[in-house]
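Open the viewer and get ready to select residues. We will take a few stops, one after another.

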Amino acid sequence: MIYAERIRDWAQDRNLIEGSTVQAQFVKLIEEIGELAEAIAKGKDEQFLDSIGDAFVVLTILAAQKGM
C-alpha cells in the first residue's frame, strides 16, 4: 500500500475527510509550511523532515476531500 492510501485510511478513521473542511485543512497546511520555513531558516534537519511529512499528510487529506 502506498503512503497516500495509508494516510487516507488514517484520516478516514479520524473523520478528517468528511468531518473537516477544505478551508480548515488549508489553514493547517499553512501552519505546517510555516514550520517548514522555520526549520529551513534555522537549519533544523529533524524539524525539516517532520514538517515535510506533516505537509504531505495535509495535502493528501485535501486531495481526498476534493475526490482526488
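Predicted model: local features only at pLDDT ≥ 70, side-chain atom pairs only at ≥ 80, totals over all residues.

Select Ile40, Phe48, Leu49 and Ile52, which form a nonpolar patch. Together they have about 390 Å² of accessible area. Which helix gives the largest share of the patch? Helix 3 does, with three residues. Now click on Ile40. This residue is found in helix 2, which covers residues 22–42.

Select Glu31 and Lys28, and show their side chains. The two form a salt bridge, and their closest N and O atoms are 3.9 Å apart. Why are Glu31 and Lys28 separated by about one helical turn? Because they are three residues apart in helix 2. Side chains of opposite charge can pair when their charged atoms come close. By this rule, the count of salt bridges comes to three.

Next, select helix 1, residues 3–13, together with helix 3, residues 45–65. Two packed helices are described by the angle and the distance between their axes. Here the axes come within 9 Å and cross at roughly 75°. So helix 1 is roughly perpendicular to helix 3.

Finish where these two helices touch. From helix 1, pick Tyr3, Ala4, Ile7, Arg8, Trp10 and Ala11. They meet Phe56, Val57, Thr60, Ile61 and Ala64 in helix 3. Colour the contact residues by type. Nine are nonpolar, one is polar and one is charged.

Notes:
Residues numbered from 1 in each chain as written. Heavy atoms only, no water. Axes fitted to C-alpha atoms, helices over the stretch in contact; angles between N-to-C directions. Helix = DSSP H or I, 4+ residues; strand = E, 2+ residues; numbered from the N terminus. Parallel < 35°, antiparallel > 145°, perpendicular 65-115°, else oblique. Contact = heavy atoms within 4.5 Å. Nonpolar A, V, L, I, M, F, W, Y, C, P; charged D, E, K, R; others polar. Patch = residues over 30% accessible without salt bridge, like charges linked within 9 Å, V, L, I, M, F, W, Y side chains within 5 Å. Areas by Shrake-Rupley, 256 points an atom, 1.4 Å probe, with all protein chains shown as cover. Salt bridge = Lys/Arg side-chain N within 4 Å of Asp/Glu carboxyl O.
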